[in-house]
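Biologist: I am new to this structure and would like to go through it step by step. Could we begin once it is on the screen?

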Amino acid sequence: MNYLSTRGHPDRKRFCEILLEGLAPDGGLYLPEFYPQVDAATLEKWRGLAYADLAFEILSLYIDDIPAADLRAICRKTYTREVFGTPEIVPLKKLEDGLYLQALSNGPTLAFKDMAMQLLGNLFEYELARRAEQLNILGATSGDTGSAAEYAMRGKQGVRVFMLSPLGRMSPFQQAQMFSLQDANIHNIAVKGVFDDCQDMVKAVSNDLPFKREYKVGTVNSINWARLLAQVVYYFSGYLQSGASRVSFTVPSGNFGNVCAGHVARMMGLPIDKLVVATNENDVLDEFFRTGVYRVRGSADTHETSSPSMDISKASNFERFVFDLLGRDGARTQDLFGAQLSQTGRFDLSADPLFQQAASRYGFASGKSTHSDRLATIAHTYQQQGVMVDTHTADGLKVAHENLQAGTPMLVLETALPIKFAATIVQALGIEPPRPPQFEGIEDLPKRVTEMAADAKAIQHYIRAHC
Ligand SMILES: *Cc1c(COP(=O)(O)O)cnc(C)c1O
């Protein structure tokens, strides 16, 4: 399998080449040259497989530069009951007739990002050893991404993580999760500033090409193709577990990474009826699917909400879907995401007949949920069904209810456990969410964190000193 850029660059790459890269050289995102097709007979064959073996079957359709035995071993090492809590790894839970929750949040950091990041950690370690190289991962986080990356990379050979977070702005639980790690290859850096300052520092270092090359600086952000590919697997698993001949999914969405994996699964022939995109008050994606207008928000227009992992001003993976929607026209994708967005901050496909196909041909629908919807959904789900959901999953459930169709099961992806967002759960239910035993007393553990000014020079100095 070869990979191409959504912006039409003529180069083609293999999986392991793009594994450790971010954007394509022309600023586009990588996608496979085509989507391998999975027919009904193959799906039947996969029905009885353990999750790790299902992952191997799907990954091996896209990865031909890792020997099959090695890839299978990596999948089996990643998706274990010990790490993910159940033999099914991503079990379905029935809420009511035709409505299911798919649990993706039982990994080490209690959010779905573990599903991809745990695999990425093992792939990185494998590929870096093969190349006899080292990698310094520099990232910025406001919560879930940073902890998922650290728990995936801790103790891995050849990898160091330098994770910037805004000083004092994460929830106490999230801070404790990250700062209690004592592994020598994990560096927590609390920046005296806000999340945007952290991101600016990462950008400044990434733009310093000589430094980036000398110190082998890389990232693990959500545009990484390997992360997206890992997420494709649980759509297949959800479908197979449901036993239905056709299902729909609702996906709480921010950067469009999770639901883009659903799009890939659907393009491979998985019988998905609708892919419902659920947003919070930051409704960039809902606006697009309703109107055909994609409009990046300014920082004054980006709201801090009680589902903070979906607080985005633009959806960094969205370009992948638009590229497919436009019939894989790289020049046009370049014009929309390069020229038009940088000049006007928006583009408008409402008059284009291709936009109509977002629903009819690709199955997309969308909806939006607000703080009061979130509280009502958390309360309703707890009282009626005895299930406590987190704030992001509540956004998904609210929008799923608006898109139910008799005869087609709706699977809602659970993206985090309630303990991560305890304050809002207390507001909705008046009780504290349960805490998995391994996190008892985590706030009292010794913390390993360095405070730093919001200054790119300071992080460069720190990286030099710790390599
Ligand atoms: C990251 C995250 C999301 C959004 O996922 P995207 O892939 O960015 O769309 C939703 N919920 C939680 C809990 C997350 O951590």
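Modeller: A residue counts as buried here when its relative accessible area is under 20%. Please keep in mind that this is a predicted model.

Biologist: How many of the residues of helix 3 are buried?

Modeller: Helix 3, residues 51-60, is mostly covered, with eight of its ten residues buried. Those residues are Tyr51, Ala52, Asp53, Leu54, Ala55, Phe56, Ile58 and Leu59.

Biologist: And what do the buried residues of helix 3 pack against?

Modeller: They pack against four helices: helix 2 (40-46), helix 4 (68-78), helix 6 (113-131) and helix 11 (225-242).

Biologist: Turning to the sheet, in what order do the five strands come?

Modeller: The order is 8-5-6-7-15, in an open sheet with parallel pairing. Strand 8 (217-218) and strand 15 (450-453) are the edge strands, each pairing on one side only.

Biologist: How many bridges join strand 5 to strand 6?

Modeller: Six bridges join strand 5 (residues 135-140) to strand 6 (residues 159-166). In one of these pairings, leucine 135 has valine 159 in strand 6 as its bridge partner.

Biologist: Which helix lies across strand 5?

Modeller: Helix 9, residues 195-207, lies across strands 5, 6, 7, 8 and 15, and runs at about 150° to strand 5.

Biologist: Now the ligand: which residues are closest?

Modeller: Of the 15 residues that surround the ligand, the closest are Lys113, Asp144, Gly254, Asn255 and Asn258. A backbone N or O atom of asparagine 258 lies 2.9 Å from a ligand oxygen atom. For phenylalanine 256, the corresponding distance from a backbone N or O atom to an oxygen atom of the ligand is 3.1 Å.

Biologist: How much of the ligand's accessible area does the protein cover?

Modeller: The protein covers 96% of the 380 Å² that the ligand has on its own.

Definitions and conventions
Residues are numbered from 1 along each chain as its sequence is written. This is a predicted model: local features need pLDDT of at least 70, side-chain atom pairs count only at pLDDT 80 or more; totals for chains, interfaces and linings use all residues. Side-chain values use heavy atoms; hydrogens and water are left out. Buried means under 20% relative accessible area, exposed over 50%, partly exposed in between (1.4 Å probe, protein chains only). Helices (H or I, at least four residues) and strands (E, at least two) are DSSP runs, numbered from the N terminus. Contact means heavy atoms within 4.5 Å. Two strands pair if DSSP finds at least two bridges between them. Axes are lines fitted to C-alpha atoms, for helices over the stretch in contact, and angles run from 0 to 180 degrees between N-to-C directions. A residue is near a molecule or strand if one of its heavy atoms lies within 4 Å of it. A polar contact is a pair of N or O atoms within 3.5 Å; within protein, one must be able to donate a hydrogen and the other to accept it, and residues adjacent in sequence count only if both atoms are side-chain atoms. Accessible areas come from the Shrake-Rupley method with a 1.4 Å probe; for residues, only the protein chains shown count as cover.
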